[in-house]
Amino acid sequence: MPHELSILVVDDNRIRASIIEDGLREAGHANVVVITEVNEVAARIGEIAPDVVIIDLENPNRDMLEHFFALSRALQRPIAMFVDKSDIGSMEAAVDAGVSAYVVDGLRKERIKPILDMAISRFRAFSRLRDELAAAKSELEDRKTIEKAKGILMKTRGLSEEEAYTLLRRTAMNQNRRVVEIAQSLITAAGLLES
């Protein structure tokens, strides 16, 4: 994130929030917003539009954790979460929710920057993997669509597989569209004709 990071700190304990804020400011981060009213987070997150969120929960209950995990899923930003105590279920739920750094009993000013850097790095790596997976799924769906369209052409026009693909590709080039778009149009048209 090349621009000045906008960091949101969520902590209902003002003293602990000031430790985090001091650690961030000492690390050179000036754009820090602190929210101490945990119930305000969902309402204010849109107006703040943070690049990174740091959540500090001394002794979170299940409902509070679920609230933050739901927020994490929706936010799609690096999130570092500090908790005093944890169990394996909470930790797994945090990872599933997309929390980039889950730190148990580790709130010290000098640790804030390295943890923030790690959360951003892990978020980026996870985002790349998610994007690659989405691209692979999309490519697989495109291939299935093209195969189905080729099958329709082979059956209705008596073409070979290569001839069917050549016809799809030539039509796409002539219409300045992608092959998969032509294939989808053919499948839709064939479906209408069968009805």
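Which residues make a nonpolar surface patch of about 250 Å²?

## Surface patch

Ile-88, Met-91 and Val-104 make this patch. Patches consist of residues with over 30% relative accessible area and no salt bridge, in which nonpolar side chains (Val, Leu, Ile, Met, Phe, Trp, Tyr) are joined within 5 Å and like charges within 9 Å. Val-104 lies in strand E5 (residues 101-104) and is partly exposed, with a relative accessible area of 36%. Buried means under 20% relative accessible area, exposed over 50%, and partly exposed in between (1.4 Å probe, protein chains only).

## Basis of the model

The model is predicted: local features need pLDDT of at least 70, side-chain atom pairs count only at pLDDT 80 or more, and totals for chains, interfaces and linings use all residues. Residues are numbered from 1 along each chain as its sequence is written, and side-chain values use heavy atoms, with hydrogens and water left out.

## Nonpolar cores

A nonpolar core is a set of buried Ala, Val, Leu, Ile, Met, Phe, Trp, Tyr and Cys residues joined through side-chain atoms within 4.5 Å. The largest has 23 residues, of which Val-53, Ile-55, Phe-68, Phe-69 and Met-81 touch the most other members. Elements that each supply at least two residues include strand E3 (52-57) and helix H3 (62-75); H3 gives the most, with five residues.

Leaving aside residues up to four places away in sequence, Val-53 touches Leu-8, Val-10, Ile-45, Leu-75, Pro-78, Ile-79 and Ala-80 (contact means heavy atoms within 4.5 Å). A second, separate core of 18 residues includes Val-9, Leu-24, Val-52 and Val-103.

Terms used: Helix = DSSP H or I, 4+ residues; strand = E, 2+ residues; numbered from the N terminus. Areas by Shrake-Rupley, 256 points an atom, 1.4 Å probe, with all protein chains shown as cover. Salt bridge = Lys/Arg side-chain N within 4 Å of Asp/Glu carboxyl O.
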